[in-house]
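Me: Could you take a close look at one part of this model for me, the place where the two chains meet? I'd like to know which charged side chains pair up there, and how that compares with pairing elsewhere.

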Amino acid sequence: MRLEVRDVHSYYGASHILQGVSLTVEPGEVVALLGRNGAGKTTLMRSIVGLVRPRAGSVQIDGVELTGAPTYRAARAGLAFLPSGRRVFSSLSVAENLEVARRSCPRRTGSWNAERIYGLFPKLEQLSRRTAGYLSGGEQQMLKIGRALITNPEMLLLDEPTEGLAPAVVDELGEWVEMLSRESLSILLAEQSATFARAHSTRGYLLEKGRIRFEGSMERIWDSPELRSALGIAARTAPEAGPAAS
Amino acid sequence: MARFLTETIGTLSDAGSLFVVAAGLTLVFGAMRVINLAHGTFYMYGAFVVTTVAGTASGLRFWVAVVVAALVVAVLGAIVQLGVVRFVVGKEPLTQLVATFAVLYILADVALHLWGSGARSVSAPLGVSGTFTLAGAYLPVYDLVIIGTAVLVGLVLWLLLSHTSLGWMIRAAVDDPELLQSGGVNLRRLHLAVFATGALLAALAGAIVTPQISVAPGMDQSIIVSSLLVVVIGGLGSVVGTAFAALIIGIADTVGTLVDPTWASTFMYFAVILVLVVRPWGLFGTPER
Ligand SMILES: Nc1ncnc2c1ncn2[C@@H]1O[C@H](COP(=O)(O)OP(=O)(O)OP(=O)(O)O)[C@@H](O)[C@H]1O
Ligand SMILES: [Mg+2]
């Protein structure tokens, strides 16, 4: 799936949050969306899926206009948004969460079903009857990914997937991202700390105050002291892939 | 003993109809985060439609009237949802209250035109009218119909919410509507179904109690007050809580009436205050996150 965002302007009330953002994600590509606190990463993802209505600009997937469509259309078209934080249906069991997700996009078919998700996350199978609200942060992350995958999406919008995760879980998350990208899922990855994004994506956008400040390879972002400081990464320390520093 | 039985059956019957109304209110609140002040209107319309359809005949036609009332009012609910409530979902509570209060008033006027201001009554159909004796007490057979209806509604709702994927979807809407929507669910369609179901439950309760009450304007406002009390002490959005709360309100009302009829409603509010002091979020609700 190819995503094209063109000159999107979004507002919360009177505040002009996204001031003309353009971005593309090619089929099978993992693209980083970087930016500090409040830069507008989440707002951009919400604008893409229609949770925020852009006042101007357009969002297209595979050349088909998505701007202004109700949010459920994005998911049914194969665009899965995974919001940040502990977002699962907390009163439902793990198995019920997966079933609700599957039924939400009844016409999307593919290789992903509950069995395959339990294969990828054996932990979830053991916990399938547990109420999702009682899962640990890492387990909820698995369920969040499972809920998305069961709809057989073609693109994931991952908002701060590493937030609040233990380092070991972040490493695992990295492996899942690599695996999904090998299966030619496209991924847009929003991160505050560029370490995770750098390890798993090739190309990135740097968002600053609702505008794209830079677009290019992760190396370019990493090698530029100016961009690094814009991201709040210390200028001299050797970058290491791994858990977020902030 | 006879007295105790009479009061118990009477209380259960009152609590039963209150539960059916309040279950609809709590379902709508849970899944849509809308407090629908016009919910009592659906109860009143259910009762009025029965008086029209059943007429004075008291046979099979009564049961047909109950079903017709529930369905007609479900459609009315759908119209109210599409015409008004849809626009206030997600808005500030005050906006929702004003909008649904307006619906209450408008539909009350419409009812006045359709059915007049006088009281109307329906007699219990043959077979479930009259009394039966148990341990020396004379008990109205029709109370059992109401209790049975309430138990049935409770069971169906429980089965729906805990064992069907539609029910899981409704609970998911309670948990996190935005997540449900971004997962591919047409939330508006789900809201329409939930709101119509809520109206149907209110109408069913209004229809089923007609043989025991006089059907008249004002029913809409008195029932909305007691069902709001039930929903608040049960915990907004919880069906199990609603069942317990309806019982508590029913018992408080009965005990109050026994002690001193002029203080009955004071007893009811006292029960509410007592519950809310101990658990401000209601018996089965969850503290606001
Ligand atoms: N619901 C809202 N109402 C009003 N303003 C909002 C709302 N949500 C976000 N904002 C504002 O919009 C701006 C962009 O926020 P956004 O959440 O998109 O940033 P972000 O890049 O995702 O930040 P973070 O890394 O902290 O998640 C911020 O200034 C924020 O205060
Ligand atoms: Mg964010």
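Reply: Happy to. Arg87(A) and Glu178(B) pair through their side chains in a salt bridge, 3.3 Å from N to O; the term stands for a side-chain nitrogen of Lys or Arg within 4 Å of a carboxyl oxygen of Asp or Glu. The rule finds four salt bridges across the interface of chain B and chain A. Please keep in mind that this is a predicted model, where local features need pLDDT of at least 70, side-chain atom pairs count only at pLDDT 80 or more, and totals for chains, interfaces and linings use all residues. Residues are numbered from 1 along each chain as its sequence is written, chains are lettered from A and ligands numbered from 1 in the order in which they are written, and side-chain values use heavy atoms, with hydrogens and water left out.

On chain B, helix H6 (165-175) and helix H7 (177-182) each supply at least two residues of the side that touches chain A; helices here are DSSP runs of H or I with at least four residues, strands are E runs of at least two, and both are numbered from the N terminus. H6(B) gives the largest share of that side, six residues. In all, 18 residues of chain B are in contact with 21 residues of chain A, contact meaning heavy atoms within 4.5 Å. About 1,900 Å² is buried between the two chains, with carbon and sulfur atoms giving 56%; this is the accessible area (1.4 Å probe) that two parts lose on being put together, summed over both.

Now for pairing elsewhere: over all chains, the structure holds 16 salt bridges. One of them joins Glu26(A) to Arg2(A), with the closest N and O atoms 3.0 Å apart. Because Glu26(A) lies in the loop between strand S2 (15-25) and strand S3 (30-34) of chain A, and Arg2(A) in the segment before strand S1 (3-12), the pair ties together parts 24 residues apart in sequence. Both belong to a network of salt bridges that links Arg2(A), Glu4(A), Arg6(A) and Glu26(A).

Arg203(A) and Glu29(A) also meet in a salt bridge, at 2.6 Å from N to O. Arg203(A) is in strand S9 (residues 203-208) of chain A and Glu29(A) in the loop between S2 and S3, so this pair ties together parts 174 residues apart in sequence. Arg203(A) is buried at 18% relative accessible area, and Glu29(A) is buried at 15%, where buried means under 20%, exposed over 50% and partly exposed in between (1.4 Å probe, protein chains only).
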